Amino acid sequence: AQKITQTQPGMFVQEKEAVTLDCTYDTSDQSYGLFWYKQPSSGEMIFLIYQGSYDEQNATEGRYSLNFQKARKSANLVISASQLGDSAMYFCAMREGWAGGSYIPTFGRGTSLIVHP
Amino acid sequence: DSGVTQTPKHLITATGQRVTLRCSPRSGDLSVYWYQQSLDQGLQFLIQYYNGEERAKGNILERFSAQQFPDLHSELNLSSLELGDSALYFCASSLETVNTEAFFGQGTRLTVV
């Protein structure tokens, strides 16, 4: 079974509008971390935001916020006031508790976001 | 700058050849992870080393191997290369906790011709 599911292969948004990228996860651990990364066309992986499973508040980092719904096992990324430079692939990732002796970051297949002027 | 250094950035080689990708982790990180990203694919976990020892294996082919040296730098060796091995290979390093992000190198883009 997929640990991280990103159901939107591609998304389009108008510049200055907000966009939500979906992510659902599957774990039986109580302690886990959820992460979002951005991969522009140049290829590097840029860390955006982190949410811990015990965090009661949704994480925010500038224009990025994470809509964490624990009961639904979803961790959607919200980008406010989209900019042309936000056009990129976005990956949701999870680190679970010490299963098998490691905290391997597991990634979804990604969502391609295109911001239109 | 993530603090993780990967070399080379680009590599073009012929089928059947062997290549070595190198990664220097962020200072203080004992864990190194290797990932493969093929066209339009997510990141596939290959292998993890922790403080010099192999800790976890993912979907790593038998033709691929890795090691981590006492100075914590790591190398990924790819042999008997096939066209399908063409991909972006990432190294990431991190602390071993659930609540810290993994820091990625710039990746090595391998093209097998």
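Modeller: Lys and Arg count as positive and Asp and Glu as negative, with His and the chain ends left out; each charge is placed at NZ of Lys, CZ of Arg, CG of Asp or CD of Glu. On that count chain A has 9 positive and 11 negative side chains, and the centres of the two sets lie 3 Å apart. Chain B has 8 positive and 12 negative side chains, again with centres 3 Å apart.

Colleague: What kind of model is this, and how are residues numbered?

Modeller: This is a predicted model, in which local features need pLDDT of at least 70 and side-chain atom pairs count only at pLDDT 80 or more, while totals for chains, interfaces and linings use all residues. Residues are numbered from 1 along each chain as its sequence is written, chains are lettered from A and ligands numbered from 1 in the order written, and side-chain values use heavy atoms, without hydrogens and water.

Colleague: How many helices and strands does chain A have?

Modeller: Chain A has zero helices and 12 strands, as DSSP runs (helices H or I, at least four residues; strands E, at least two) numbered from the N terminus. Chain B has zero helices and 11 strands.

Colleague: What makes chain B as compact as a globular protein of that length?

Modeller: The globule rule is 2.2 Å times the number of residues to the power 0.38, and the radius of gyration is taken over C-alpha atoms. For the 113 residues of chain B the rule gives 13 Å and the radius of gyration is 13 Å, so chain B is as compact as a globular protein of that length. For chain A, with 117 residues, the rule gives a value near 13 Å and the chain has 14 Å, which agrees. The C-alpha trace of chain B spans about 40 × 25 × 20 Å along its principal axes; for chain A the box is roughly 45 × 30 × 20 Å.

Colleague: What share of the residues of chain A is called buried?

Modeller: Of its 117 residues, 48% count as buried, that is, under 20% relative accessible area with a 1.4 Å probe, protein chains only. In chain B the share is 50% of 113 residues.
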